[in-house]
Amino acid sequence: MTAPARDPGLQPERTRLAWRRTTLSATVAAVLAAKTALHGSASAGGVLACAACCVLWLGFLLVANRRIRALAATDRPSALTPRQATAAVVCTVAVALCAAALVV
């Protein structure tokens, strides 16, 4: 009995879908941060943290969109560059910190 042939398109597809899910999660976090900052009396710090969340979300969206396009372009996409990986991690951690600042 022979093993089925490996489909080289599955891994990039799963990775692309993971990027889309992560982008959706970041969008939800940014929307909730904006709702928290603007609910009730809006303080200057809350508005500043909300603006930072939105800018960081846009940065993450840019990195994710580039990666999704790269994954969809070829059967064997290039590896994620350290610069892109660092940008994604920094944006994600910074959004989490801004959201935590809004809750406290």
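Thr23 lies in helix 1, where helices (H or I, at least four residues) and strands (E, at least two) are DSSP runs numbered from the N terminus. The model is a predicted one, in which local features need pLDDT of at least 70 and side-chain atom pairs count only at pLDDT 80 or more, while totals for chains, interfaces and linings use all residues. Residues are numbered from 1 along each chain as its sequence is written, and side-chain values use heavy atoms, with hydrogens and water left out. At 12% relative accessibility, Thr23 counts as buried; the term buried denotes under 20% relative accessible area, exposed over 50%, and partly exposed the range in between (1.4 Å probe, protein chains only). When neighbours within four places in sequence are left aside, Thr23 is in contact with Trp57, Phe60, Leu61 and Ala64, contact being defined as heavy atoms within 4.5 Å.

For Cys53, the residues touched are Ala33, Val95, Cys98 and Ala99, not counting residues up to four places away in sequence.

Charged residues were examined next. Side chains of opposite charge can pair when their charged atoms come close. A search of the whole structure finds 1 salt bridge, defined as a side-chain nitrogen of Lys or Arg within 4 Å of a carboxyl oxygen of Asp or Glu. The salt bridge joins the side chains of Arg16 and Glu13 (2.7 Å, N to O). Because Arg16 and Glu13 are 3 residues apart in helix 1, about one helical turn separates them. Arg16 is buried, with a relative accessible area of 17%, whereas Glu13 is partly exposed, with a relative accessible area of 33%. Beyond residues up to four places away in sequence, Arg16 touches Ile68, Leu71 and Ala72.

Val28, which is placed in helix 1 (residues 10–38), is partly exposed, with a relative accessible area of 44%. Ser25 is likewise found in helix 1 and is partly exposed, with a relative accessible area of 48%. The C-alpha atoms of Ser25 and Pro12 are separated by 20 Å, with the two residues 13 apart along the chain.

The loop between helix 2 and helix 3 contains Asp75 and Arg76. Asp75 is exposed, with a relative accessible area of 58%, and Arg76 counts as exposed at 73% relative accessibility. Asp75 and Pro12 are 63 residues apart in sequence and 7.5 Å apart in space, C-alpha to C-alpha. For Arg76 and Val93, 17 residues apart along the chain, the separation between C-alpha atoms is 29 Å.
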